[in-house]
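Please examine the structure shown below before reading on. The paragraphs that follow lead through it one region at a time.

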Amino acid sequence: MADTVTLFTSIGLSEQKAKETLKNEALTSAQVVNGATGVDKAMGTMLYSMVSRLKDTKRLTFLADHIARHKICTELQLAAALEFVKNHPQDPINQAEFENVCGVGVVITPEQIEEAVEVVINKHKELLLKERYRYNMGLLMGESRAALKWADGKIIKNEVDVQVLHLLGAKTEADLEKKTKVSPRIMNWRMMKTLFHCEVQSEGKSLMEQLRGEALKFHKTGENYKTEGYVVTPNTMDLLKKHMEITGGQIRTRFPPEPNGILHIGHAKAINFNFGYAKANDGICFLRYDDTNPEKEEEKYFTAIKDMVGWLGYEPYQITHASDNFQRLYDLAVDLVRRGHAYVCHQRGEELKGHNAPPSPWRERPMEESLVLFQRMKKGLFAEGEATLRMKMVMEDGKMDPVAYRIKYTPHHRTGDAWCIYPTYDYTHCLCDSIENITHSLCTKEFQARRSSYFWLCNALDVYCPVQWEYGRLNLTYTVVSKRKIIKLVETGVVRDWDDPRLFTLTALRRRGFPSVAINNFCARVGVTVAQVTMEPHLLEACVRDVLNDTAPRAMAVLEPLKVTITNRSADLKSDVQVPNFPADEAKGSHVVPFTNIVFIEQSDFREVMEKGYKRLTPDQPVGLRHAGYVITVQKVIKVSKVVELEVSCCVSTEAKEKPKAFIHWVSQPLKCEVRLYERLFLHKNPEDPSEVPGGFLSDINPHSMEVIDSALVDRSVAGAKVLDRFQFERMGYFSLDPDSTADKLVFNRTVTLKEDPGKI
């Protein structure tokens, strides 16, 4: 061991790093290749880098030989070599093609570097002279390196520096001045403006454009082996060939929710990503219920998930269940035991928690014994928790031997009492993907730690292995989406159910009146990101307004009515007013509302005492009535402790002495309705963060998150509305008809407020 440590320290590793390296069999094998023949520091560093990055260990000797013979000498050549062997897993390797791709024997002279840099400098000369040293020199370096792929980067940089200095001369005081910094407030505004441009795009691209073709740099179908971390076995190419025969090279994805809760806004991104990627590339997407936990699954969740996928505009190629494959999964588990990769264990659940769980004393029990015990588990001869089937592997997060099967004496939603052992996610997920011939298994970032176990299990059973790709979760502030916490909110009476409009479950957003296309647009604007994204709710609301502005017909509603009697019109005189459904586009139609001598206006649209800047109705200031073509002037204020009625005179707007400063909405012979106004459910951005909310999320409830107005008035144009129909109540916001509505009383939820001018009074 001492000799090995000395060898590793001689190539530049610290003694501690050298000792850690000894624990890694793959890295230590670099020493075996070159033995004691002597390895200088440069070669040793190259060998260490190669072995630490090489995924296919059968290529170890091949690459080490090229390094030892000084055919691969630079980082660029090594990167090209690693990429080549990844893309050519089958023997034999074409030596000539390999050396050509890796630049073996290519010599770049100083004269070639000088000439190439000169070409690049001349190309950018005009901007260089204009911007001088403020110019992005990285562009010059990038283009120069592209022209001289195998040249030493340091030499190229030196040449660029020399030629720039020759062109511009030494830096002046002006060159050394710091750029004026843009204030964070302005910068944030610019970022928001860029992100939420009027077009529904992310970086100028629609969601379909973001997902189409090679935009995501995903592997092509049948080329799974080119993916980073993918393990190639002797049977990989044959399995891929059979896979291609079954799929015809078509992209296949799946959306695999657990049917133990309602989908939320984060799932909307997952649905758009999985279904959208397949749709954008002429592929298919399965809706697969991961129904392996019978204790928590209910029919209402199966139904709601299917409804939400359809609501967002997607139709599954096929609806499947993990339980469809229970027998096949069991047979594969038996095969896994026979191959020596799984064993029956009797450690209790509490012993297996955490990442430092003690090793199982049953890990090396005979295969025959595990087969018998696994059969007894299936027959119900053990109590719950008394035995599990565990896989012999270590996950990326260090967790050892994850459980493949556990005992649960709970009837299954679909299979009844046929099974008392159920597979876990770690066991089921990749095998169902394999069974369905999924090409791209798209998961959120937290499943990255399971990627190696995903590949391991498929390869251990010698079945087709799909590729798992990860993307960032979508989170929102001022909410919780955890199933457990939403259940707590329901149980404590904070919200009524999973579809309470203050939540951000998809059923809640639909009930509140959010159009599905707005949610899809929001996902497009967020973009297909790898990093986790946390957004503010008002950014989602901006997408909702964009859609509703073009789709929600206008109506007039008064939330806090004030009676207005027109005294200079006879009581029996009645006329109808034509109101456009979309004032900006009258071609979209109109509706009729009655106009009588009694109308109702908002209490806030009248002030008994005139205030500076107030433009609506006062005893000394008339106001116009929207769409009616009339102006009203106060004649008498009737009070009973407060203002309860106004008597006004009315004239045609063209006959008014002066043009009114404002036009207000109104209703006449209206329908009585209930209106529910919603605000954020929580007071703080991150209600689950103990540093922000020490008392826990239940202590952070906004007491004003819902206001119910039970005596609002709305014009009769909405009388025939259906549940979830949406309207813009002029000057008030966007509203949707709630399922609680009856023939006697309509109930409206405020979806979002209007975008108001901050300076508007």
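A residue is called buried when its relative accessible area is under 20%, exposed when it is over 50%, and partly exposed in between, as found with a 1.4 Å probe on protein chains only. Strands (E, at least two residues) and helices (H or I, at least four) are DSSP runs, numbered from the N terminus. This is a predicted model, in which local features need pLDDT of at least 70 and side-chain atom pairs count only at pLDDT 80 or more, while totals for chains, interfaces and linings use all residues. Residues are numbered from 1 along each chain as its sequence is written, and side-chain values use heavy atoms, with hydrogens and water left out.

Strand β8, residues 440-444, is mostly covered, with 5 of its 5 residues buried. H440, L442 and T444 point one way from β8, whereas S441 and C443 point the other way. Two strands pair if DSSP finds at least two bridges between them. β8 pairs in the parallel sense with strand β9, residues 467-471, over 5 bridges. Within β9, E470 is the bridge partner of C443.

Elsewhere, 7 strands form an open sheet of mixed pairing, in the order β12-β24-β25-β26-β22-β23-β13. β12 (554-555) and β13 (557-558) stand at the edges with a single partner strand each, so one side of each has no neighbour in the sheet. Within this sheet, β24 (residues 726-729) and β25 (residues 733-737) pair in the antiparallel sense over 4 bridges. R726 stands opposite S736 in β25. Contact means heavy atoms within 4.5 Å. Axes are lines fitted to C-alpha atoms, for helices over the stretch in contact, and angles between N-to-C directions run from 0 to 180 degrees. Helix α26 (residues 537-551) lies across β12, β24, β25 and β26 (746-752), and runs at about 120° to β26.

The loop between β24 and β25 holds E730. Is E730 buried or exposed? E730 is buried, with a relative accessible area of 1%. Not counting residues up to four places away in sequence, E730 touches R554, A555, M556, V579, R626, H627 and H665. The side chains of E730 and R626 are joined by a polar contact of 2.6 Å; such a contact is a pair of N or O atoms within 3.5 Å, where within protein one must be able to donate a hydrogen and the other to accept it, and residues adjacent in sequence count only if both atoms are side-chain atoms.
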